[in-house]
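Subject: Structure for you to look at

Hi,

Here is the structure I promised to pass on. Please open it and keep it beside you as you read.

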Amino acid sequence: LSKLSSSVGMDREIGGRNRGYFNILGLPTELIKHIFSFLDMKDRLRARVNKRLDGIELDSKYHVDYLKIHHHHSPDFVRRIAQNASIGSLYIYLSGLNESNREIFNLIKEFDIDKLEFARIGYEILKEMMVDSFLSDLTRSCKSMHMWACRSVTSDGLYQVYKTIKDRSAKLRILFVNDIIDEPAFAFLKHIGITFRDGTFYSNRNIEVYQRIMDNGSVVFTRIFEGYLEIFLDHFVFMYGWGNFKLILHETRESLEEAKNPEYFDRVEVSPE
Amino acid sequence: RIYPLMRVTLTTSDGASVTVSRQLTKHSGFIEKAITDMAVDDNAVPLSAVAVDVDDATLKLVIEWLTEHRDDALPYPEKTDEERRADDIPAWDQAFVQKWDTKEDQQQTLYAVITAADKLDIKGLLDMTCKTLANKINGKTVEEMREILQLECDFTEEELAEIRKENAWCEN
């Protein structure tokens with residue numbers, strides 16, 4: 001009898017009023033989630049065409065390889081994505097200082113990201129939003145971050161990030177800052193016991209310094225190693241007062257050796273303080 | 001361990017019995033578990049009866065798919081932290097599903113196979129059929145999706161406005 005009633009139920013469910021439609025609501029929630037996992041993100045968000053599907057969409061995690069966030073996205077949309085999606089690469093394009101952009105900017109820290117890149121970002125919004133505490137929040141949401149320097153990140157902010165990366169206490173392993181300004185960069189180095197005067201590095205700490213030196217003797221960049229942690233400085237920082245800066249925690253010995261490759265880099269002496 | 005000569009008799013929900021080789025049933029987590037639970041002797045080649053809650057017509061389709069996929073890798077490679085895609089269904093599978101498209105009850109067939117693949121725990125078939133459905137929805141407008149799935153809009157005006165606001169960028 002149970003066999004009979006279940007097959008009758010099946011008929012009612014799937015043989016309903018219109019034979020040509022797919023009765024998605026007849027499926028268990030887990031299966032609907034599985035089907036949703038194969039939809040493109042835009043289709044997935046459009047496909048919540050009734051309350052149950054909306055609830056299921058909200059309740060299921062998914063992964064997106066690549067996402068750009070623009071100023072024309074609404075903060076509500078960004079929040080919805082941040083809640084459920086893990087993102088491979090997230091690119092931020094925001095300019096203009098307004099409430100909506102501020103809200104979107106603030107939501108970046110809610111994401112679960114592999115690689116975060118501030119691809120195009122207005123200086124005003126960056127300066128207002130990218131303060132030390134925000135940078136520290138970001139260390140928990142992404143594995144690598146590529147940002148533009150701004151006056152609001154202090155040497156202490158950099159130091160906090162350095163500590164986090166070194167201790168592996170958050171998610172961040174790589175920080176890349178474009179156009180960092182010399183003053184916070186040098187203050188940060190001083191804070192961790194490294195100074196640079198007249199072409200010489202001074203430190204009492206156990207560090208190794210490598211430089212890329214061209215045939216004409218000019219230094220292109222400097223890599224300071226502390227175990228598996230690397231501090232990379234573009235030589236423009238020394239010459240013109242701004243340049244690229246990176247903090248990298250090498251994951252493997254091979255990657256560390258590659259960064260010190262004697263074919264390209266010369267080890268330079270560090271004098272005691 | 002797999003004993004390729006072992007044959008398994010499956011009894012469907014409408015009472016029919018089908019005997020299939022263990023080489024096929026090894027792809028079904030449900031049947032494998034049932035056989036393990038029966039703890040059959042290594043050397044025996046029994047006709048074990050496994051009752052499955054799937055009808056005869058659907059089981060025939062499942063067996064047809066399993067026959068084609070008997071050499072698929074096991075365990076089934078499950079992708080977790082990776083973007084899922086629906087555009088990688090193998091040609092044989094596409095043709096297999098397209099055969100249903102000419103039938104009046106194509107959607108019911110798809111529904112029945114998805115449900116059967118889930119119950120029998122055949123991951124490859126489940127993924128393939130779920131992708132097939134996803135492909136019917138991908139790229140469609142909200143109205144077209146409602147049409148395909150025959151779903152009424154049960155949102156309040158406020159909820160609908162909220163969704164429209166969120167989706168503004170992806171609603172055509």
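How much area is buried between chain B and chain A? About 4,500 Å², and carbon and sulfur atoms give 60% of that area. Please keep in mind that this is a predicted model. The size of an interface is often given this way, as the accessible area lost when the parts come together.

Now the residues. On the chain B side, 49 residues are in contact with 45 residues of chain A. Three residues of chain B lose the most area to chain A: B:Arg84, B:Tyr111 and B:Trp169. Together they make up 18% of what that side buries.

Next, the links across the interface. The rule finds three salt bridges between chain B and chain A. A:Asp76 and B:Lys165 meet in a salt bridge through their side chains, at 3.1 Å from N to O.

Which helices of chain B each supply at least two residues of the side that touches chain A? They are H5 (106-120), H6 (123-137), H7 (142-149) and H8 (157-167). By type, the residues of that side of chain B divide into 19 nonpolar, 19 charged and 11 polar.

One last item, on chain A. An unreviewed UniProt entry carries the annotation "domain: F-box" for residues 21-48 of chain A. In the model, that span is 50% helix and 0% strand. Its end C-alpha atoms lie 17 Å apart.

Best wishes

How values were computed: Residues numbered from 1 in each chain as written. Chains lettered and ligands numbered in written order. Predicted model: local features only at pLDDT ≥ 70, side-chain atom pairs only at ≥ 80, totals over all residues. Heavy atoms only, no water. Contact = heavy atoms within 4.5 Å. Buried area = accessible area lost by both parts, 1.4 Å probe. Salt bridge = Lys/Arg side-chain N within 4 Å of Asp/Glu carboxyl O. Helix = DSSP H or I, 4+ residues; strand = E, 2+ residues; numbered from the N terminus. Nonpolar A, V, L, I, M, F, W, Y, C, P; charged D, E, K, R; others polar. UniProt positions renumbered as here; feature names shortened; annotations may be inferred.
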